[in-house]
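I opened this model to look through its strands, helices and aromatic rings. My notes follow in the order I looked things up.

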Amino acid sequence: MKLLSLNLGRPKAVEYTDQAEGVTGIDKRPVDGPVRVAAPGPKGVGGSGLAGDAVCELRHHGGDDQAVYAFAREDLDDWERELRRPLSSGMFGENLTTEGIDVSGAKIGERWRIGSEVVLEVTSGRIPCLTFQGHLGEKGWVRRFTRKGATGAYLRVIEPGEIRAGDPIEIVHRPDHEVTAALQFRAVTLERTLLPKVLAAGDALHPEARETALRYVEKYGGH
């Protein structure tokens with residue numbers, strides 16, 4: 001398991017975002033050198049956990065609980081075959097393009113050590129937005145991505161440090177519950193009756209995802 005590509009984005013003016021200034025950082029490109037990773041601060045204030053990476057829409061992206069976004073190269077390859085077009089690492093707006101690890105199958109609260117310093121913790125799946133659809137230029141992309149359910153994973157920074165492309169990834173903690181990023185994603189999108197199950201992930205769950213599940217349980221009960 002390794003970090004195949006480390007990807008950063010710069011602000012770019014586009015027509016397909018509702019961000020106030022009309023810019024997005026979703027177009028992420030691979031970089032060679034070491035990049036500092038650290039908790040960026042609360043959502044709405046902090047952006048990306050990676051130095052030099054732009055998060056332009058702070059209402060929905062960035063912050064401590066989604067400081068880093070990871071996506072598996074294997075899932076990009078699967079989409080390449082389905083879309084019949086090349087997809088470079090970083091194309092899905094991911095900071096980390098991984099090899100040899102089931103990112104969507106990672107458990108909420110699972111911790112990865114990348115290189116010798118950095119430890120990250122899985123918090124939730126990624127909800128697709130219209131900016132993602134516009135960036136990819138695929139009609140009906142939000143629905144299509146949602147149906148496939150290979151969501152990738154948001155992570156928070158537990159131990160800061162530097163990482164670079166090629167660094168090994170080691171799973172250093174895997175919780176004993178069964179709540180994966182993919183299950184949490186399905187629960188909040190297509191199968192909301194799964195929402196009570198995601199609470200088994202406890203405090204590791206992204207606070208917004210936890211609040212969504214708690215509201216559901218309060219309204220409908222836990223079954």
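Predicted model: local features only at pLDDT ≥ 70, side-chain atom pairs only at ≥ 80, totals over all residues.

**Entry 1**

I then traced an open sheet of eight strands, in the order S4-S1-S7-S6-S10-S9-S8-S12, and its pairing is mixed. Strand S4 (28–31) and S12 stand at its edges; each has a single partner strand, so one side of each is left without a neighbour in the sheet. On average, neighbouring strands here are turned by 40 degrees against each other, direction ignored.

For the parallel part of the pairing I looked at strand S6 (residues 68–72) and strand S7 (residues 96–99), which are joined by three bridges. Ala72 has Thr98 in S7 as its bridge partner.

**Entry 1: strand S8**

I looked up both partners of S8. With strand S9 (residues 118–124) I found antiparallel pairing over four bridges. With strand S12 (residues 169–173) I found four bridges and an antiparallel run as well. Arg111 can be followed to both sides: its bridge partner in S9 is Glu121, and in S12 it is His173.

Which residues of S8 are on the covered face, and which on the uncovered one? Trp112 and Ile114 make up the covered face of S8 (residues 111–114), while Arg111 and Arg113 are on the uncovered face. In a regular strand the side chains alternate between the two faces of the sheet.

S8 and S9 form a hairpin with three residues between the strands, and there I noted Gly115 with a positive phi near 70 degrees.

**Entry 2: helix H1**

I listed the buried residues of H1 as Arg73, Asp75, Leu76, Trp79 and Leu83. They cover an arc of only 155 degrees around the axis, so they are on the same side of H1. After H1 comes Arg84, with a positive phi near 60 degrees.

**Entry 3: helix H3**

Gly149 follows H3 and has a positive phi, near 80 degrees.

**Entry 4: aromatic rings**

How many aromatic pairs does a search of the whole structure find? I got twelve. I checked Tyr69 and Phe71: the ring centres are 6.4 Å apart and the planes stand at 45 degrees, so the pair is tilted. Tyr69 counts as buried because its relative accessibility is 3%, and Phe71 counts as buried because its value is 0%.

I then looked at one aromatic cluster, formed by Tyr69, Phe71, Trp79, Phe92, Phe132, Trp141, Phe145, Tyr154 and Phe185.

**Entry 5: Gln184**

I found Gln184 in helix H4. Is Gln184 buried or exposed? Its relative accessibility is 6%, so Gln184 counts as buried. Leaving aside neighbours within four places in sequence, I listed its contacts as Ser124, Gly125, Val198, Leu205 and Ala209.

**Entry 6: Pro34**

I found Pro34 in the loop between S4 and strand S5 (35–37). Pro34 has a relative accessible area of 40%, so it is partly exposed. From Pro34 to Gly161 I noted 127 residues in sequence and 9.5 Å in space, C-alpha to C-alpha. With neighbours within four places in sequence left aside, Pro34 is in contact with Glu162, Ile163 and Arg164.

Methods:
Residues numbered from 1 in each chain as written. Heavy atoms only, no water. Buried < 20%, exposed > 50% of the residue type's maximum accessible area, 1.4 Å probe, protein only. Helix = DSSP H or I, 4+ residues; strand = E, 2+ residues; numbered from the N terminus. Pairing = 2+ DSSP bridges. Phe/Tyr/Trp six-rings, centres within 6.5 Å; stacked < 30°, edge-to-face > 60°. Axes fitted to C-alpha atoms, helices over the stretch in contact; angles between N-to-C directions. Arc of directions from axis to C-beta. Contact = heavy atoms within 4.5 Å.
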